[in-house]
Amino acid sequence: MAEALAKIPNVEIDPEGTFKYILVRVNVKDGDVNKNIIRGTKSAEYHNHIFEKVSPAMESLGLMCQCLGGGKIEHNSTDRKLRVFGESTAFGKADHSVSVEMLKSVYSDYEISWSDDKK
């Protein structure tokens with residue numbers, strides 16, 4: 001199961017725009033091995049719509065997941081900037097500092113910031 005966990009991309013977000021995102025902990029069933037992942041897309045009207053796609057996909061791999069919170073990401077690929085902010089009504093606010101560190105591992109040449117502002 002740990003191999004399945006290792007194959008899951010840490011970050012999958014839309015290439016441009018402002019959109020909702022969630023921070024999810026993915027666990028190996030009946031084990032203590034886990035990792036956090038970020039998923040974000042403009043196609044989701046609500047944060048739970050993202051989770052409703054992520055959860056069955058993880059379960060099909062024999063993994064369980066728990067949403068740790070959400071917010072929004074502003075992705076400006078032209079200026080190479082990401083801004084993380086806001087919160088999810090359904091899941092609460094993700095720890096944006098954790099999300100930013102994860103984003104830095106994928107977008108290492110970007111300027112990445114976060115705030116507790118709602119907008």
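Q: Before we start, how are residues numbered?
A: Residues count from 1 along each chain as its sequence is written, and side-chain values use heavy atoms, with hydrogens and water left out. As this is a predicted model, local features need pLDDT of at least 70 and side-chain atom pairs count only at pLDDT 80 or more, while totals for chains, interfaces and linings use all residues.

Q: How many disulfides does the structure hold?
A: A disulfide is a pair of cysteine sulfur atoms within 2.5 Å. Here there are zero. Take C65: its closest cysteine sulfur is in C67, 8.6 Å away, so that's too far for a bond.

Q: Are C65 and C67 buried or exposed?
A: Buried means under 20% relative accessible area, exposed over 50%, partly exposed in between (1.4 Å probe, protein chains only). C65 comes out at 17%, so it's buried, and C67, at 14%, is buried too.

Q: What is the strand order in the sheet?
A: Strands (E, at least two residues) and helices (H or I, at least four) are DSSP runs numbered from the N terminus, and two strands pair if DSSP finds at least two bridges between them. The six strands form an open sheet with mixed pairing, ordered 1-3-2-4-5-6. Strand 1 (11-13) and strand 6 (111-114) are at the edges with a single partner strand each, so one side of each lacks a neighbour in the sheet.

Q: In what sense do strand 2 and strand 4 pair?
A: Strand 2 (residues 17-28) runs antiparallel to strand 4 (residues 63-76), over 12 bridges. R25, for instance, has Q66 in strand 4 as its bridge partner.
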